[in-house]
Amino acid sequence: MTDSLDVFAEQLRARFAGQLDSCSVSHGMVTLEIPPAHLGSVCLALRAEQEFAFAQLTDLCGVDYRSEEHTSELQSHVRISYAVFCLK
């Protein structure tokens with residue numbers, strides 16, 4: 001399964017080049033870190049484009065860093081499980 005997840009992660013990196021902070025495979029899941037400015041367009045593409053055709057977003061979380069370096073910076077993380085990828 002790891003090989004297919006790695007291939008899928010590469011497809012995501014290629015399609016969303018310049019729109020992701022990161023795309024990683026860990027614990028049997030592909031995790032995308034998407035800056036707030038691109039969150040809407042990436043999620044819409046994952047749902048609408050036939051190559052992906054996702055039916056469900058399983059996890060969306062935001063973090064508000066309260067420090068001088070990251071004052072009120074919001075990071076959105078979209079975590080999509082492999083099971084959802086299989087639901088085309």
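Visitor: Which residues is Q19 in contact with, leaving aside its neighbours within four places in sequence?
Guide: This is a predicted model, and in it Q19 is in contact with I34, P35, H38, S41 and V42 once those neighbours are left aside.

Visitor: Where is the place of Q19?
Guide: Q19 sits in the loop between α1 and β1.

Visitor: Is Q19 buried or exposed?
Guide: Its relative accessibility is 17%, so Q19 counts as buried. The cut-off for buried is under 20%.

Visitor: Let us step back. What does the secondary structure of the chain come to?
Guide: The chain has three helices and four strands. Along the sequence they come in the order α-β-β-α-β-β-α.

Visitor: How do β1 and β2 pair?
Guide: Strand β1, residues 22–26, pairs with β2 in the antiparallel sense, and five bridges join the two. V25 stands opposite V30, the latter in β2.

Visitor: And what lies between β1 and β2?
Guide: Two residues lie between these strands, which form a hairpin. In the turn, H27 has a positive phi of about 55 degrees.

Visitor: Now the aromatics. How many aromatic pairs are there?
Guide: The count is three aromatic pairs. In one of them, F8 and F52 are arranged edge-to-face, 6.3 Å centre to centre with 65 degrees between the planes.

Visitor: Why does the pair of F8 and F52 tie together parts that are apart in sequence?
Guide: F8 belongs to helix α1 while F52 lies in the loop between α2 and β3 (59–65), so the pair connects parts 44 residues apart in sequence.

Visitor: What about the rings of F8 and F54?
Guide: Their centres are 6.1 Å apart and their planes stand at 50 degrees, so this pair is tilted. It links distant parts of the chain, since F8 is in helix α1 and F54 is in the loop between α2 and β3, 46 residues apart.

Visitor: Are F8, F52 and F54 buried or exposed?
Guide: F8 counts as buried at 4% relative accessibility. F52 is buried at 1%, and F54 is buried at 7%.

Visitor: Which residues do the ring pairs link into a cluster?
Guide: The cluster consists of F8, F16, F52 and F54.

Visitor: Finally, some totals. What share of the residues is buried?
Guide: Buried residues account for 31% of the 88 residues in the chain.

Visitor: What share of contacts between residues at least 6 apart in sequence join residues at least 24 apart?
Guide: That share is 43% in this chain.

Key: Residues are numbered from 1 along each chain as its sequence is written. This is a predicted model: local features need pLDDT of at least 70, side-chain atom pairs count only at pLDDT 80 or more; totals for chains, interfaces and linings use all residues. Side-chain values use heavy atoms; hydrogens and water are left out. Buried means under 20% relative accessible area, exposed over 50%, partly exposed in between (1.4 Å probe, protein chains only). Contact means heavy atoms within 4.5 Å. Rings of Phe, Tyr and Trp (its six-membered ring) pair if their centres lie within 6.5 Å; planes under 30 degrees apart count as stacked, over 60 as edge-to-face and the rest as tilted. Two strands pair if DSSP finds at least two bridges between them.
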